[in-house]
Amino acid sequence: ARSGQPPRDGARFARPADAGGGPLPQIAAGQGDGARGRDIGLQHLESLGSAYNLASVLTRKNTSGAVRESEGLLRRVLDGRQKGVGAAHPLSLQACHALAGAVLQRAELEERVSAA
C-alpha cells in the first residue's frame with residue numbers, strides 16, 4: 001500500500017490466521033498500538049476515533065470489566081482530543097460525555113454487585 005493510504009483490496013481488514021486474539025485486547029489495555037496506531041500514531045484523531053468506537057462497544061457489554069476497560073480508553077481519547085483540538089471542541093466534549101457515562105455505569109454495576 002502507498003504510504004498513508006489503506007490497501008485497496010480490503011487487506012487492511014483481513015484477519016491473519018495466526019492473529020490469535022488480535023490487537024483489540026492490547027489496545028483496550030493500552031499495551032499495543034494496533035495496525036492503525038502503527039500507521040498514523042496513537043494520538044492521531046483517526047486512532048482516537050477508533051479507540052472511542054471500541055470503548056463504545058465495550059460499554060454496551062454492560063459488565064464491570066468491560067466498562068472499566070472502556071473507561072481507560074475514554075480517558076486516553078479525552079486526553080488526546082483535548083491536546084489535539086482543544087478542550088472545548090465537540091470531539092473533546094463527546095469523549096468527556098462518554099467518559100462520564102462510563103464512570104456512572106461502572107459505579108451502578110459495582111453497586112449492584114455489592115448489594116447482591
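The following dialogue examines a predicted model of one protein chain.

Trainee: Which elements does the chain hold, and in what order do they run from the N terminus?
Mentor: Residues are numbered from 1 along each chain as its sequence is written. In this predicted model, local features need pLDDT of at least 70, side-chain atom pairs count only at pLDDT 80 or more, totals for chains, interfaces and linings use all residues, and side-chain values use heavy atoms, with hydrogens and water left out. Helices (H or I, at least four residues) and strands (E, at least two) are DSSP runs, numbered from the N terminus, and the chain has five helices and zero strands. The order is therefore α-α-α-α-α.

Trainee: What share of the residues of the chain counts as buried?
Mentor: A residue is buried under 20% relative accessible area, exposed over 50%, and partly exposed in between (1.4 Å probe, protein chains only). The chain has 116 residues. The share of them that counts as buried is 28%.

Trainee: How do helix 3 and helix 4 lie relative to each other, roughly parallel or roughly antiparallel?
Mentor: Axes are lines fitted to C-alpha atoms, for helices over the stretch in contact, and angles run from 0 to 180 degrees between N-to-C directions. Helix 3 (residues 45-60) packs on helix 4 (residues 64-85) at about 155°, with the axes 8 Å apart. Angles under 35 degrees count as roughly parallel, over 145 as roughly antiparallel, 65 to 115 as roughly perpendicular and the rest as oblique. Helix 3 is therefore, relative to helix 4, roughly antiparallel.

Trainee: How do the residues of the contact of helix 3 with helix 4 divide?
Mentor: Contact means heavy atoms within 4.5 Å; the residues that meet include Leu48 and Tyr52 in helix 3, and Leu73 and Val77 in helix 4. Ala, Val, Leu, Ile, Met, Phe, Trp, Tyr, Cys and Pro count as nonpolar, Asp, Glu, Lys and Arg as charged, and the others, Gly among them, as polar. The division is 13 nonpolar, five polar and three charged.

Trainee: Is Ser70 buried or exposed?
Mentor: Ser70 has its place in helix 4. Apart from neighbours within four places in sequence, Ser70 is in contact with Ala55, Leu58, Thr59 and Ala102. Because its relative accessibility is 0%, Ser70 counts as buried.

Trainee: How far apart in space are Ser70 and Ala102, C-alpha to C-alpha?
Mentor: Ala102 is one of the buried residues of helix 5. In sequence, Ser70 and Ala102 are 32 residues apart. In space, their C-alpha atoms are separated by 7.1 Å.

Trainee: What distance separates the end C-alpha atoms of helix 4?
Mentor: The expected span of a helix is 1.5 Å times one less than its number of residues. Helix 4 has 22 residues, so it should span 32 Å. The distance in the model agrees with this, at 31 Å.

Trainee: At roughly what angle do the axes of helix 4 and helix 5 cross?
Mentor: Helix 5 comprises residues 90-115, and its axis comes within 9 Å of that of helix 4. The two helices are roughly antiparallel. Their axes cross at roughly 160°.

Trainee: Which helices do the buried residues of helix 5 pack against?
Mentor: The buried residues of helix 5 are Ser92, Ala95, Ala98, Leu99, Ala102, Gln105 and Leu109. They pack against helix 3 and helix 4.
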